[in-house]
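Dear colleague,

Please find below the structure that I am handing over to you. My findings follow directly after it.

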Amino acid sequence: MSVTVSNVTRLYGQQKALDNVSFEIKKGEITAFIGPNGAGKSTMMKIITGFIPATEGSVSVCGLLSTPGNIEIRRLIGYLPENNPLYPEMYVREYLGYVADIYKIGKEKKKAVDTVIEKTGLGAEQRKKISSLSKGYRQRVGLAQALIHDPEVLILDEATTGLDPNQIVEIRNLISGVGKEKTVMLSTHIMQEVEAICNRVIVINKGKIVADGNRESISSIAGLNRESSLEEVFRKLTGE
C-alpha cells in the first residue's frame, strides 16, 4: 500500500480532531477525502505528510513511518495545503527553482522546472512575480511545487479552489493523468469533482470515517447523483 493509516487519533487539548481513523490507499487510486468543515480532513492530511504528529496510531507512506522528523517522507510526498503558502516576492520560475533546490534535484533542476511549468500551464506566467498572479494561477504554482520532485504520493487539499471553469477542467485532467502512476488523495467540496476524477471516496465526519468505497457505491448508498451537493451527501451518510 502507498498510504496506510492505522488507528490514528489526534487531540487538540481535550478535543478529538481525529478518532481512531484507519484506511489504506493503493498506488494508482485517486481518492476523494470529503467531509463537512471541521471534520478532520486537513488534520489527517497534515499527519500523513509529517507536518504534525498523531496523538495515537501511525501512518506509513510507501513503507516508511511518517513522522515530523522523517525527511525521507517529504521526498515521497507532494503536498498542496489548503492555504497554498507561497513567496509572493519571488518570480514563478525562481520559486520553482528554489523548491527544486530544497529537494536536492541537482543537475536535473532545469528539466524538472521546465516539465512542471508545462504540465501546469504556467508557461506564459513563469517570469512574473507570484504577487501579480491571479488566485487561479497561484493555485497552479502551488500544484507545480507539489509535483516538481516527481513524488510517489500527491496530497491535495482543495486543489481547485479559486480556479475558473476552464482552469478547473485543465487541473482535473492533470490530476487524472498523474493518478495513473501515483497515489493521489484530495479533499474537495465539489461533488462534480468527485464524479469527474475520483475512483474512491472516503467520507469523514466529526473525526470518524463514516463511509469508504468506490464512487458508485457511495453515490448509491447516499441515493444521490453528480448534481447533489456534498452537504446532501453528508446528511445522507451521517443521518444528521
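Tyr87, Tyr98 and Ile102 form a nonpolar surface patch of about 290 Å². Patches are made of residues with over 30% relative accessible area and no salt bridge, like charges being joined within 9 Å and nonpolar side chains (Val, Leu, Ile, Met, Phe, Trp, Tyr) within 5 Å. Accessible areas come from the Shrake-Rupley method with a 1.4 Å probe, and for residues only the protein chains shown count as cover. Tyr87 is located in the loop between strand S6 (77–80) and helix H3 (92–102); helices (H or I, at least four residues) and strands (E, at least two) are DSSP runs, numbered from the N terminus. Its relative accessibility is 39%, so Tyr87 counts as partly exposed, where buried means under 20% relative accessible area, exposed over 50%, and partly exposed in between (1.4 Å probe, protein chains only).

Please note that this is a predicted model, in which local features need pLDDT of at least 70, side-chain atom pairs count only at pLDDT 80 or more, and totals for chains, interfaces and linings use all residues. Residues are numbered from 1 along each chain as its sequence is written, and side-chain values use heavy atoms, with hydrogens and water left out.

Regarding the cysteines, a disulfide is a pair of cysteine sulfur atoms within 2.5 Å, and the count by this rule is 0. Cys62 is in no disulfide, the nearest cysteine sulfur being that of Cys198 at 19 Å, which is too far for a bond. Cys62 is partly exposed at 33% relative accessible area, whereas Cys198 counts as buried at 1%.

The search of the whole structure found 1 cavity of 30 Å³ or more. On a 1 Å grid over the protein atoms alone, a cavity is a set of points where a 1.4 Å probe fits but cannot get out, and lining residues have an atom within 4 Å of a point. Grid points are joined across faces, edges and corners, and the volume is the space filled by probe spheres set on the points. The lining of the largest cavity consists of Glu158, Ala159, Thr160, Ile175, Leu186, Ser187, Glu193 and Ile197. Strand S8 (183–187) and helix H7 (191–197) are the elements that give two or more residues to this lining.

Glu193 also takes part in a salt bridge with Arg172 (3.3 Å, N to O); the term denotes a side-chain nitrogen of Lys or Arg within 4 Å of a carboxyl oxygen of Asp or Glu. Because Glu193 lies in helix H7 and Arg172 in helix H6 (residues 165–178), the pair ties together parts that are 21 residues apart in sequence. Glu193 counts as buried at 3% relative accessibility, and Arg172 is buried with a relative accessible area of 14%.

In the whole structure, 12 salt bridges were found. Among them is the pair Asp19 and Lys208 (3.5 Å, N to O). Asp19 belongs to strand S2 (residues 15–25) and Lys208 to strand S10 (residues 208–214), so this pair ties together parts 189 residues apart in sequence. Another joins Asp114 and Arg93 at 2.4 Å, N to O, linking helix H4 (residues 109–119) with helix H3.

Finally, helix H1 (residues 41–48) is largely enclosed by the rest of the structure, because 6 of its 8 residues are buried. Those buried residues are Lys41, Thr43, Met44, Met45, Ile47 and Ile48.

Yours sincerely

Terms used:
1 Å grid on protein atoms, 1.4 Å probe; cavity = no way out; pocket = protein on both sides within 12 Å on 5 of 7 lines; lining within 4 Å.
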